[in-house]
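The following report concerns a single protein chain. Please consult the sequence and the structure shown here while reading.

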Amino acid sequence: VSLLSHKALALKRAACECLGRMKSKKSVPMLVPLLKHPEADLQKTALWALQQISGKDFGNKADEWLRWHAE
């Protein structure tokens with residue numbers, strides 16, 4: 001999960017993909033900030049991961065993702 005804070009965008013995207021495939025609910029709070037990242041591809045990958053983990057689609061609404069995670 002520490003790869004999400006790495007400087008290399010490719011590593012961040014790969015970490016998002018892995019977490020999405022693993023359906024790692026505990027990673028949601030670390031993925032949510034990436035929805036506002038300046039790199040659009042990273043935003044899309046983080047959103048995909050959140051959708052895979054949750055089965056939901058709250059778009060880029062961080063508060064909705066965090067509310068779902070708290071349930």
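This is a predicted model: local features need pLDDT of at least 70, side-chain atom pairs count only at pLDDT 80 or more; totals for chains, interfaces and linings use all residues.

Residues are numbered from 1 along each chain as its sequence is written, and side-chain values use heavy atoms, with hydrogens and water left out.

The pLDDT is the predictor's confidence in each residue, from 0 to 100. It averages 94 over the protein chain, and 99% of the residues score at least 70. Helices are DSSP runs (H or I, at least four residues) numbered from the N terminus. Confidence is lowest in helix α1 (residues 9–22), at a mean of 95, and highest in helix α3 (residues 40–54), at 97.

Buried means under 20% relative accessible area, exposed over 50%, and partly exposed in between (1.4 Å probe, protein chains only).

| Residue | Class | Relative accessible area |
|---|---|---|
| Cys16 | buried | 0% |
| Cys18 | partly exposed | 42% |
| Ser54 | buried | 14% |

Cys16 belongs to the buried set of α1, together with Lys12, Ala15, Leu19 and Gly20. Seen down the axis of α1, the buried residues fall within an arc of 135 degrees, so they line one face of the helix; the arc is that of the directions from the helix axis to the C-beta atoms. These residues pack against α2 (28–31) and α3, contact meaning heavy atoms within 4.5 Å. The face of α1 turned away from its buried side carries the exposed residues Arg21 and Met22.

The length of α1 can also be checked. The expected span of a helix is 1.5 Å times one less than its number of residues. For the 14 residues of α1 this should give 20 Å, and the end C-alpha atoms are 20 Å apart, which agrees. After α1 comes Lys23, with a positive phi near 55 degrees.

Ser54 is located in helix α3. Its side chain reaches the backbone oxygen of Leu50 at 2.8 Å. Leaving aside residues up to four places away in sequence, Ser54 touches Trp65 and Trp68.

Conventions:
Helices (H or I, at least four residues) and strands (E, at least two) are DSSP runs, numbered from the N terminus. A polar contact is a pair of N or O atoms within 3.5 Å; within protein, one must be able to donate a hydrogen and the other to accept it, and residues adjacent in sequence count only if both atoms are side-chain atoms.
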